[in-house]
Amino acid sequence: MRFKELDWQQTPIGELSLRVRRDPTLDRDVHEIKLDDEFLMSSLFTVSETELGSRAVSKLDGTDLDVAVGGLGLGCTAQAVLADERVRSLIVVDALAPVIDWHERGLLPAGPQLTADPRCRFVHGDFFAMVASGQGLDPEEPGRRFDAVVVDIDHSPRHVLDPSHAGFYLPDGLAALRARLCPDGVFALWSNDPPDDEFTATLAGQFTDVTAEVVTFDNPLQRREATSTVYLARAPR
């Protein structure tokens, strides 16, 4: 069978489906998540998500690191964070309960590893609303701060999945995110767009050591190289 829908569920932002197909050219199974008719993510393209997690943690010194990830997806960013043995705890926040369920049921390849790692905990919630609230990202510890907060939810700061997300990328939204970080903590953000000078300047108004790093990876479907952007920034001490 070349195509199989593993699950389909209605969510507040649209119809969410998980499917797996066999790619005869690559001779491998490809997992894909769709929102309505739009492809949100594919296991063919995970390099930049992995780089997002690894680059964020690599900028941190010390041990016993506490990290929060906004956006579970296929789990590649979470896996990259957990690959660093200095990470003591990881919270992964996702607004889509089906995505968490797929990992817990082992329908996605990363699920068994993430659910078996005692350092990792899934939280069902609206990441952006939680950042803006006084409670923060950990329901079990209101106001908790993290050594790194890593975000992979929207397509880019200009192309958001829901209009309610847009304020996060403005000065007040970024200031609220900064308050969720320890001094000298790292904020990392994935974007499918090229580096955005205006957004980089907005980041620099709230953080230090701001960079927009281009990640290049192979696109086997179009037989060309593709790129995405990883923004990295540090909270003031």
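Predicted model: local features only at pLDDT ≥ 70, side-chain atom pairs only at ≥ 80, totals over all residues.
Visitor: OK, and how do strand 3 and strand 4 pair?
Guide: Strand 3, which covers residues 28–35, and strand 4, which covers residues 38–42, pair in the antiparallel sense over 4 bridges, and Glu32 has Ser42 of strand 4 standing opposite.

Visitor: What about the hairpin, which residue takes a positive phi there?
Guide: That is Asp36, with a phi near 55 degrees, in a hairpin that has 2 residues between strand 3 and strand 4.

Visitor: Switching to aromatics, how many aromatic pairs are there?
Guide: The count comes to 10 aromatic pairs. In one of them, Tyr169 and Phe199, the ring centres are 6.0 Å apart and the planes stand at 70 degrees, and because planes over 60 degrees apart count as edge-to-face, the pair falls in that class.

Visitor: Which parts does that pair of Tyr169 and Phe199 tie together?
Guide: Tyr169 lies in the loop between strand 8 and helix 6, whereas Phe199 lies in helix 7, so the pair ties together parts that are 30 residues apart in sequence.

Visitor: And what does Phe199 form with Tyr231?
Guide: Phe199 and Tyr231 form an edge-to-face aromatic pair, at 5.0 Å centre to centre and with 85 degrees between the planes. Since Phe199 belongs to helix 7 and Tyr231 to strand 11, this pair ties together parts that are 32 residues apart in sequence.

Visitor: Is Tyr231 buried or exposed?
Guide: Tyr231 is buried, with a relative accessible area of 1%, and Phe199 also counts as buried, at 4% relative accessibility. Both residues belong to one aromatic cluster, whose members include Phe127, Phe128 and Phe187.

Visitor: New topic: how much space lies in the largest pocket, roughly?
Guide: About 1,000 Å³. The largest pocket is lined by 45 residues, with Leu40, Met41, Asp152, Ile153 and His155 lying nearest its centre.

Visitor: Which element gives the largest share of that lining?
Guide: Strand 4 does, with 5 residues, and by class the lining of the largest pocket has 22 nonpolar, 14 polar and 9 charged residues.

Visitor: And what lines the second largest pocket?
Guide: The second largest pocket has a volume of about 180 Å³, and its lining includes Tyr169 and Phe199 as well as Arg158, Asp196 and Glu198. The lining of this second largest pocket divides into 6 nonpolar, 1 polar and 3 charged residues.

Notes. Residues numbered from 1 in each chain as written. Heavy atoms only, no water. Pairing = 2+ DSSP bridges. Phe/Tyr/Trp six-rings, centres within 6.5 Å; stacked < 30°, edge-to-face > 60°. Buried < 20%, exposed > 50% of the residue type's maximum accessible area, 1.4 Å probe, protein only. 1 Å grid on protein atoms, 1.4 Å probe; cavity = no way out; pocket = protein on both sides within 12 Å on 5 of 7 lines; lining within 4 Å. Points joined across faces, edges and corners; volume = space filled by probe spheres on them. Nonpolar A, V, L, I, M, F, W, Y, C, P; charged D, E, K, R; others polar.
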